[in-house]
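Try each task before you read its solution.

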Amino acid sequence: MSEAAASTEAYTRKSRIAYFSMEIALESDIPTYSGGLGVLAGDSLRAAADIGVPMVAVSLVFRGGHFRQEIDALGRQTEHDDDWDPARCATRLHATVALEIEGRLVWVGGWLYVLSTRLDGGVPVLLLDTDLPVNDPRDRAITHTLYGGGEADRMKQEIVLGVGGIAMLQALGFKLMGYHMNEGHSAFLTLALLRRFAHAREDLRPGESPYDLPQVRELCVFTTHTPVEAAHDKFDYDMVRRLYGDVLDLGTVKLLAGEDRLNMTRLALNLSDYVNGVAKRHAEVSRQMFPGYAVHAVTNGVHASTWTSLPFAALYDQQIPGWCHEPELLARADRLPDEAVWAAHAHAKRMLIDAVRARSGKRFDPERPILGFARRMTAYKRPDLLFSDLARLRALAGERPFQIVMAGKAHPRDEAGKRLIEMLHAHMRELEADIPMAFLPDYDMALALLMVSGSDVWLNTPLRPLEASGTSGMKAAFNGVPQLSVLDGWWVEGCIEGITGWAIGEDSPTANGEDAHALYDKLEQVVLPLWYDNRPAWIAVMKGAISKNAAYFNSHRMMRRYATEAYLS
Ligand SMILES: *Cc1c(COP(=O)(O)O)cnc(C)c1O
């Protein structure tokens, strides 16, 4: 028996939850993620490994990664392949399974990566791979690029993930007590399960469906991640028929996934007993989007040790031992000595300032506050809101100087997102004489940690109610960095004004212009004066972010909730 065969066998003895996600951020430089969804998946599995929730994850290998971002002086983004070699840190699975896609037989192999945070066990992650010599060249490319290609490529990836994933788990002998769909991309797994649990023809009365819907529902959990309607995959039935030859009879599929087009979210909703959104506000919005479904709320969290900078980890190790395993203990952070908190922050800030220098040539001043903003560059995140009124921004900086650091990738086909990056660069040139500002290319987990820990204020300005949760502000909280954000996503729950950070505007949808005024007002009247004029009060807010937000918005709490409310009940 090969080495890889032995290593999956160690995981097939106890019954597990299978966690399906199109992207998983396993490590910063394994390019199998594009943003918040993948980081959330990685943080969920890291927490499961820490606290011993038995899981097995399924995703695709993406040997070509997502993309590496290059930005020229004018802010134009070009994308490069981000190839990685899975043999570097994963072992080949001994099993291959066959699917029919576009009328061809497609063999699916894969890799075993073990997410391990402690000595006993870890969470096995199966990275499915169609790049096998037996396959047609068209099919070898299916698992190459994360979110690459067009609709048909996307649907093929989703067939491999959902249907191939179920087949692979079975071929490897995994015992499963449930299936968690992290976003609708993997919803084809429900059709594979319906087929598996179908009643035999001879047992059926005339007109009776062979499919045991309640049985499948009982096994499935679905987490929806976005209220952006266009982000929910919908496929034309012509394409479904052409690509997914093995699909159940179309009548049944249409009942479950929509009459006009196959809607992956509908399919997942109709075949899951437990459905949730990723923050309380997002669950409310999802209930309005999908009337008739009970949508629970499990607010996201981030993984404690992954998102705490070394200076703060050292401080917590010394003052709050056990915080990694029980981040709730950070509720005691109010007792940390002020000087120690400020020193840890100064250290993290120096690391960011060094990175800014190395990556952009810009020199930041450690004695002045840094406003940080980084996330996927896409219209609803409004990275340009801060620049709505350059004269006002300049005036603010004239009174109390600050510096700005930004980062983020735009999806290769998101033209609006790319234009935003160009606009930010134009603003940067215009403000050159007045406000030090840097845009750092190629945002990834490592850069995220530098930025959320080294900034003084973490900024978030999405268009309500489109930010389902957002997680970078939670990462900032672990590093004593307060957030200044519009009240959307997790911030509706996390913001205690002046205690954990600050709100931009009221808790109601307002026009872009009003949010910009509210942002400038809050910077001018509250945030910058506090930073400059009352350091002890500033440090109290830093500690409030840790004790009230990091202690709660962590993935240990989130995973315990999934385990008790979704997996075991
Ligand atoms: C945390 C993270 C995100 C998500 O940030 P949001 O605030 O939720 O938009 C995206 N990309 C990377 C690399 C991250 O680490």
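**Exercise 1.** Does K234 count as buried or exposed? Keep in mind that you're looking at a predicted model.

*Solution.* 
- Start with the value: K234 has a relative accessibility of 18%.
- Now bring in the cut-off: buried means under 20% relative accessible area.
- So K234 counts as buried, because its relative accessibility is 18%.

**Exercise 2.** Find the side chain that K234 meets in a salt bridge, then classify that partner.

*Solution.* 
- The partner is E229, and the N to O distance is 3.0 Å.
- A salt bridge here needs the nitrogen within 4 Å of the oxygen, so the pair passes.
- E229 comes out at 41% relative accessibility, so it counts as partly exposed.

**Exercise 3.** Work out which parts of the chain the salt bridge between R392 and D521 links.

*Solution.* 
- First check the contact: the closest N and O atoms of R392 and D521 are 2.8 Å apart.
- Next place the two ends: R392 sits in helix α13 (residues 390-399), while D521 belongs to helix α18 (residues 512-533).
- That puts the partners 129 residues apart, so the bridge links distant parts of the chain.
- Last, look at accessibility: R392 is partly exposed at 22%, and D521 is partly exposed at 29%.

**Exercise 4.** How many salt bridges are there by this rule, and which residues do shared partners join into one network?

*Solution.* 
- The count comes to 35 salt bridges.
- One of them pairs R400 with E399, with the closest N and O atoms 3.8 Å apart.
- Through shared partners, E102, R104, D139, K156 and R242 join into one network.

How values were computed: Residues are numbered from 1 along each chain as its sequence is written. This is a predicted model: local features need pLDDT of at least 70, side-chain atom pairs count only at pLDDT 80 or more; totals for chains, interfaces and linings use all residues. Side-chain values use heavy atoms; hydrogens and water are left out. Buried means under 20% relative accessible area, exposed over 50%, partly exposed in between (1.4 Å probe, protein chains only). Helices (H or I, at least four residues) and strands (E, at least two) are DSSP runs, numbered from the N terminus.
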